[in-house]
Amino acid sequence: QVQLVESGGGLVQAGGSLRLSCAASGRTESSYAVGWFRQAPGKERELVAAIRWSGANTYYADSVKGRFTISTDNAKNTVYLQMNSLKPEDTAVYYCAASAQKFNSIASYFSADDYHYWGQGTQVTVSS
């Protein structure tokens, strides 16, 4: 089992920045990759960014490329999501998720069904 706890959400004006953190505990050595997903009211949960715990192989949604950066600190078992140039459409609950198995395709990084452990979520609100 892997436990995930997100932090760093809040209210920010458009154009501002936030950094989300996801602290992992438990059998983290059994996890292959971690992703940040978000879900806005009335919308489906979507991948924002994903990364292997080793730090290799990063993936981003087209809507955040060039603005968001995902990174890992393996010494702290923590994953970060640096969000810059925030827009009102980035408003959502952001979730950290970790896989229990190796991904054999890029598509798996983008699929919520392929992640087994989830945090409780943190709200990000961007005002215009």
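Are Arg-67 and Asp-90 buried or exposed? Both are buried. Buried means under 20% relative accessible area, exposed means over 50%, and partly exposed is in between, with a 1.4 Å probe and protein chains only.

A word on the model. It is predicted, so local features need pLDDT of at least 70 and side-chain atom pairs count only at pLDDT 80 or more, while totals for chains, interfaces and linings use all residues. Residues are numbered from 1 along each chain as its sequence is written, and side-chain values use heavy atoms, with hydrogens and water left out.

Now, salt bridges. Side chains of opposite charge can pair when their charged atoms come close. Here, a salt bridge is a side-chain nitrogen of Lys or Arg within 4 Å of a carboxyl oxygen of Asp or Glu. The whole structure has 4. One of them joins Arg-67 and Asp-90, at 2.8 Å from N to O. This pair links distant parts of the chain, 23 residues apart. Arg-67 sits in the loop between strands E6 (59-60) and E7 (68-73), and Asp-90 in the loop between E8 and E9. Strands (E, at least two residues) are DSSP runs, numbered from the N terminus.

Asp-90 has another partner, Arg-38, with the closest N and O atoms 2.9 Å apart. Arg-38 lies in strand E4 (residues 33-39), 52 residues from Asp-90. Arg-38 counts as buried because its relative accessibility is 7%. Arg-38 also pairs with Glu-46, and there the closest N and O atoms are 2.7 Å apart. Glu-46 is at 35% relative accessibility, so it counts as partly exposed. Put together, shared partners join Arg-38, Glu-46, Arg-67 and Asp-90 into one network.

Next, the disulfide. How many does a search of the whole structure find? It finds 1. The test is a pair of cysteine sulfur atoms within 2.5 Å. Cys-22 and Cys-96 pass, with their sulfurs 2.0 Å apart. Cys-22 is in strand E3 (residues 18-26) and Cys-96 in strand E9 (residues 92-98), 74 residues apart. The link is left-handed, with -75° about the S-S bond. Cys-22 has a relative accessible area of 0%, so it is buried. Cys-96 is also at 0%, so it counts as buried too.

Last, the residues by type around the largest pocket. Its lining divides into 2 nonpolar (Ala, Val, Leu, Ile, Met, Phe, Trp, Tyr, Cys and Pro), 8 charged (Asp, Glu, Lys and Arg) and 3 polar (the others, Gly among them). A pocket is an open set of points on a 1 Å grid over the protein atoms alone, where a 1.4 Å probe fits, with protein on both sides within 12 Å along at least five of seven lines; lining residues have an atom within 4 Å of a point.

Note on methods: Helices (H or I, at least four residues) and strands (E, at least two) are DSSP runs, numbered from the N terminus.
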